[in-house]
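Subject: Structure handover

Hello,

The structure we talked about is below, for you to open alongside this message. My notes on it follow.

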Amino acid sequence: MVSSLSGRLARRLEQAAAPSLVPLINATGVVIHTNLGRAPLSPEAAARVAEVAASYSNLELDLEAGDRGNREVHAETRLRALLGAEGTVVVNNNAAAVLLAINTLAEGREVLVSRGELVEIGGSFRIPDVVAKSGARLREVGTTNRTRIADYRAALGPETGAILKVHPSNFRIVGYTESPPRGELAAFARGAGVPLVEDLGSGLLSALAGVSGEHTVAESLEAGVDLVTFSGDKLLGGPQAGLAVGGKAVTDAMRRNPLYRALRVDKMTLAALDVVLADHEAGKNAERVPVQRMLRLHPDEVRSRARALADALRAACPQAQTDVVEGSSAVGGGAAPTLEIATFLLTVTHAVLGPERLASALRVGTPPVVARVADGRLVLDLRTVRPEEEDALRHSLVRVLSGG
């Protein structure tokens, strides 16, 4: 009895001392999985973060002059060069970038937003709430499915501080719909002397094979949008950050806003962002940025890896039945919600253990493995499993399927 109690206490102490945030294997096939930390960093970016975090750095020191420097020169210089933008601002996420932009441009005034773009994203986070917190007043324009330039013209007035165009994120309106092209909307805003801000969300810097319907940041800037905001940890494939690019007058005003200091990022985010942007700049993003590499992965390669794992499981676990079937992966992260990426899925059933029990046992293992359950089967998509994680995944599956 005493030994049993001491054993339980020892396990509790061990659990209490262990970190709660741990790495895991994503076998869901959702590439940008918000619950799993969105975009994983490349080994190079992670190494740079560790290097910068473990020492002092020139975060705000001009090494040549020996005087106080500017933290914005590090990753933002590269971002401006990459996009040909006059000005940039980096804050802690895209919602913060939108909040800072609207507060800077339209505090105490009206912001025009199409009714079809008043979105709610994960965690009950709503665009109307962001506008309200910015100190601006929301002015709805058009209808849910149809908004024209004439609707913006009718809503325009002396109280208009900005026009906000919002990425539809995790939904699409189809059928009898209409919205003005961004170039036409930008021309209208310019003629009215009102800044146009676009919340682009996903942060696509260049066309990505297999991802259709997503506009790039450069396309928005070329269309005449005054300020574009987007996430660093979605299709860009970097750390959590909110990036704003556009005219220097707008970005300088955002930096002067007292909110900027509360929302700006730290040295570790800048270190990671700089490495990821350098990969995009050098044209190495397809092979170096994990999110982009996963999205480009050919279904045949996923099938080959799934078959090899299925064969290993059949040999090690006679009670398990495995199969490799056609399926689809998801971009995730509120980007391209209607797009399905062809893939091959490994499905697993067990003579005794149900799929929910298998999935639960995988989640609490070391390392944790997150998979899906569908149609009475455990489902794993190796698109989101790095090749170097496959041995650990196989060991975890063998342990669970063997009742361990």
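A polar contact here is a pair of N or O atoms within 3.5 Å, where one must be able to donate a hydrogen and the other to accept it. Please keep in mind that this is a predicted model.

Thr88 has two such contacts to report. Its side chain is joined to that of Glu76 by a polar contact of 2.7 Å, and a polar contact of 2.9 Å links the side chains of Thr88 and Arg80. Thr88 belongs to strand β5 (residues 87-91). With a relative accessible area of 0%, Thr88 is buried, since buried means under 20%. Beyond four places in sequence, the residues in contact with Thr88 are Glu76, Leu79, Arg80, Ala244, Val245, Thr251 and Arg255.

Next is strand β11, which spans residues 196-201 and has six of its six residues buried. In a regular strand, side chains alternate between the two faces of the sheet. On one side of β11 are Leu196, Glu198 and Leu200, on the other Val197, Asp199 and Gly201, and all are buried.

Strand β11 pairs with two strands that I looked at. Strand β10 (residues 160-166) runs parallel to β11, with four bridges between them, and Leu164 stands opposite Val197. Strand β12 (residues 227-231) is also parallel to β11 and joined to it by four bridges; here Asp199 is opposite Thr229.

Last, the largest pocket holds about 710 Å³ of space. Its lining comprises 24 residues, of which Pro23, Leu36, Gly37, Arg38 and Pro40 are closest to the centre. By class, 13 lining residues are nonpolar, seven polar and four charged.

Regards

Technical notes: Residues numbered from 1 in each chain as written. Predicted model: local features only at pLDDT ≥ 70, side-chain atom pairs only at ≥ 80, totals over all residues. Heavy atoms only, no water. 1 Å grid on protein atoms, 1.4 Å probe; cavity = no way out; pocket = protein on both sides within 12 Å on 5 of 7 lines; lining within 4 Å. Points joined across faces, edges and corners; volume = space filled by probe spheres on them. Nonpolar A, V, L, I, M, F, W, Y, C, P; charged D, E, K, R; others polar. Buried < 20%, exposed > 50% of the residue type's maximum accessible area, 1.4 Å probe, protein only. Pairing = 2+ DSSP bridges. Contact = heavy atoms within 4.5 Å.
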